Amino acid sequence: MSGVGWVAMATRPAHVRSLDHLVLTVGDLRATVDFYTRVLGMEERTFSGRTALRFGDEKINLHEAGNEFEPKALRPTPGSGDLCFVVGGPIEDVVAALTDAGVTIEEGPVDRTGALGPMRSVYLRDPDRNLVELAVYPL
């Protein structure tokens with residue numbers, strides 16, 4: 001291409017600043033909402049006929065399997081999620097709260113490395129068997 005009259009445009013990749021939301025495909029919408037609100041303290045939100053779970057500045061949009069919203073993941077599948085949430089500590093209090101709620105701890109407390117460095121975590125499963133990690137960063 002001739003350079004006459006053509007100005008090269010500088011391209012800049014999109015730089016991700018934060019996570020706004022993610023989508024979980026679930027088998028039973030009500031069971032999922034109950035678990036995340038009752039056990040993890042998230043808030044149920046509805047918008048445009050859809051259901052979401054809100055916490056902090058983020059949310060999880062819920063798609064019920066077989067009734068997903070478009071556009072959607074190529075293979076939306078209940079139980080395919082692996083999520084990590086930062087919670088208030090100490091981790092022993094997290095374990096006690098989960099035990100009181102009747103939640104089985106699959107692993108932990110264990111030492112892990114998160115986005116901000118060392119943390120202590122416990123692992124559990126939600127109603128669809130998604131792996132849920134609850135992590136506490138040291139003060």
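**View A. Helix α2 against strands β6, β7 and β8.** In this predicted model, helix α2 (residues 91-100) lies across β6, β7 and β8 (131-136) and runs at about 10° to β7. Helices (H or I, at least four residues) and strands (E, at least two) are DSSP runs numbered from the N terminus, and axes are lines fitted to C-alpha atoms, for helices over the stretch in contact (heavy atoms within 4.5 Å), with angles from 0 to 180 degrees between N-to-C directions. Residues are numbered from 1 along each chain as its sequence is written. Local features need pLDDT of at least 70 and side-chain atom pairs pLDDT 80 or more, whereas totals for chains, interfaces and linings use all residues, and side-chain values use heavy atoms, without hydrogens and water.

**View B. The open sheet β5-β8-β7-β6.** Four strands, paired where DSSP finds at least two bridges between them, form this open sheet with mixed pairing. Because β5 and β6 (107-114) stand at the edges with a single partner strand each, one side of each is left without a neighbour in the sheet. Six bridges join β6 to the antiparallel strand β7 (residues 117-125), and R120 in β7 is the bridge partner of D111.

**View C. The aromatic pair of F55 and F85.** The ring centres of F55 and F85 are 5.3 Å apart and their planes stand at 90°, so the pair is edge-to-face (centres within 6.5 Å, planes over 60 degrees apart). F55 lies in strand β3 (residues 50-55) and F85 in strand β5 (residues 82-86), so the pair ties together parts 30 residues apart in sequence. F85 is buried, with a relative accessible area of 10% (buried means under 20%, with a 1.4 Å probe and protein chains only).

Definitions and conventions
Rings of Phe, Tyr and Trp (its six-membered ring) pair if their centres lie within 6.5 Å; planes under 30 degrees apart count as stacked, over 60 as edge-to-face and the rest as tilted. Buried means under 20% relative accessible area, exposed over 50%, partly exposed in between (1.4 Å probe, protein chains only).
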